[in-house]
Amino acid sequence: MSRFVLFSKFSPRISLKCVRHQHISASKLFLDEFGDPAKVVKKEDFTLDVPEMRTSQVLIKMIQSPINPADINTIQGVYGVKPNLPFTLGNEGFGSVEKIGSEVKNLKVGDWVIPGTNAWGTWRTHALEEEKNLLKIPNDIDPAMAATLAVNPGTAYRMLKDFEKLNKGDIVLQNAANSAVGQHVIQIAHHLGFRTVNILRNREGIDKLKQELQDLGADYVLTDEEFRSSKLFKNGDLAPPKLVLNCVSGKAVIELVKAMADNATLVTYGGMSRQPLVVPTSAFIFKNIRLVGYWMTRWNWKHGVESPERKEMLETLCTMARQGSLRAPKHELVALDSFKNALARSCDTSRFHEAKLIFKF
């Protein structure tokens, strides 16, 4: 990562006043009970004592942090990992280094960093953290891309790389193509030379949405109904896909399985229908298909900050972001003080296709 450019027009101004006085007025969103996000999330103002900073630590000023579905599920107490309470919220985001301890070797003031661990608590204005628990990213990329880099692009990248050996021109089939992960699948697959067949739910403004996905690099975009009647894979126009990505589950999976190649893999990373997978028995017997799940959190557990695979992934994604071939999702910046309204909007399942909300500190 040492080749990354470190200073740019995106670099925030360093808060010298805060450092000089050695005490920082900070804020955070936290949880001391699980439940309705509109009722249980609380804001706390506190003082961060810089003199207590250890020689191996850095002082971070958070810049942006998104609200992801996993954050909402964590607040509700239904996520795959239930944190101990009280708990500072926020799983993803980035900050700027404002001060470093005397033993810090690989970071300097002005660097951008993201947490190297899950559930780090990014919904706060400032933090003290050990250098070893942070990952440096370039600070010449779009801030919204930096804020949303770790979860959805990482999920898309790993699913495209880890389950099937794909060659240029191979087909990747996915549903929920307009989701944040789906959009990154389109962009990363296009970058790697793969073609994508993308399925989405019919809705008002569907033609505009299709065009937006095509502008990202999608090769084929169809509604559920169009895919069911399509002959893309039936007449030999396209080779059956070896890799299929599922975020919907339920009966919708049946149509995906029908299109799959023999010995192909279906990766499930979400269940937007809130229904179990429905897969015909014959697909296992006669096609020998493989069903697996993917969870970015588990991958991160196995691939720490020093993992070569993690460093290679981040370098690839950041290079794409710098080149403009990986774009942040449609988003809206909100103030931390507006957290109640932001969380209520994020809980509204009717707005899945609208802008992602990102706290700007």
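Helices here are DSSP runs of H or I with at least four residues, numbered from the N terminus. The model on screen is predicted.

**Stop 1**

Select residues 281–286. This is helix H10, and Phe286 belongs to it. Show the side chain of Phe286: it is exposed, at 67% relative accessible area, because that value is over the 50% cut-off. Together with Phe286 they make a nonpolar surface patch of about 370 Å².

**Stop 2**

Step back to Arg274. This residue sits in the loop between strand E13 (265–268) and H10. Check the backbone: phi of Arg274 is near 60°, positive although the residue is not glycine. Most residues other than glycine have a negative phi. Arg274 is exposed, with a relative accessible area of 70%.

**Stop 3: Ser249**

Next, select Ser249. Look for it in the loop that runs between strand E12 (243–246) and helix H9 (253–259). Ser249 also has a positive phi, near 65°, and is not a glycine. Is Ser249 buried or exposed? At 6% relative accessibility, Ser249 is buried.

**Stop 4: helix H5 and Thr155**

Go to residues 152–162, which form helix H5, and pick out Thr155. Its relative accessibility is 7%, so Thr155 counts as buried; the cut-off for that class is under 20%. Which residues does Thr155 touch, leaving aside those up to four places away in sequence? Display Val181, Tyr269, Tyr294 and Met296.

**Stop 5: helix H6**

Select residues 180–192, helix H6. How many of the 13 residues in H6 are buried? The count is 10, so H6 is mostly covered. Then move on to Gly193, which follows H6 and has a positive phi, near 90°.

**Stop 6: the three-stranded sheet**

Now show strands E1, E2 and E4. They form an open sheet of 3 strands in the order E2-E1-E4, with antiparallel pairing. E2 (41–49) and E4 are at the edges; each has a single partner strand, so one side of each has no neighbour in the sheet. Zoom in on E1 (residues 23–31) and E4: 2 bridges join these antiparallel strands. Which residue in E4 is the bridge partner of Leu31? Select Phe87.

**Stop 7**

The peptide bond from Leu85 to Pro86 is cis, with omega near -5°. Most peptide bonds are trans. Pro86 lies in the loop between helix H3 (69–76) and strand E4 (87–88).

**Stop 8: Glu33**

Leu85 is also one of the residues that Glu33 touches; the other is Val40, not counting residues up to four places away in sequence. Select Glu33 in the loop between E1 and helix H2 (37–40). Glu33 is partly exposed, at 42% relative accessibility. To finish, draw a C-alpha to C-alpha line from Glu33 to Leu243. The two residues are 40 Å apart in space and 210 residues apart in sequence.

Terms used
Residues numbered from 1 in each chain as written. Predicted model: local features only at pLDDT ≥ 70, side-chain atom pairs only at ≥ 80, totals over all residues. Heavy atoms only, no water. Buried < 20%, exposed > 50% of the residue type's maximum accessible area, 1.4 Å probe, protein only. Contact = heavy atoms within 4.5 Å. Patch = residues over 30% accessible without salt bridge, like charges linked within 9 Å, V, L, I, M, F, W, Y side chains within 5 Å. Areas by Shrake-Rupley, 256 points an atom, 1.4 Å probe, with all protein chains shown as cover. Salt bridge = Lys/Arg side-chain N within 4 Å of Asp/Glu carboxyl O. Expected span 1.5 Å × (residues − 1). Pairing = 2+ DSSP bridges.
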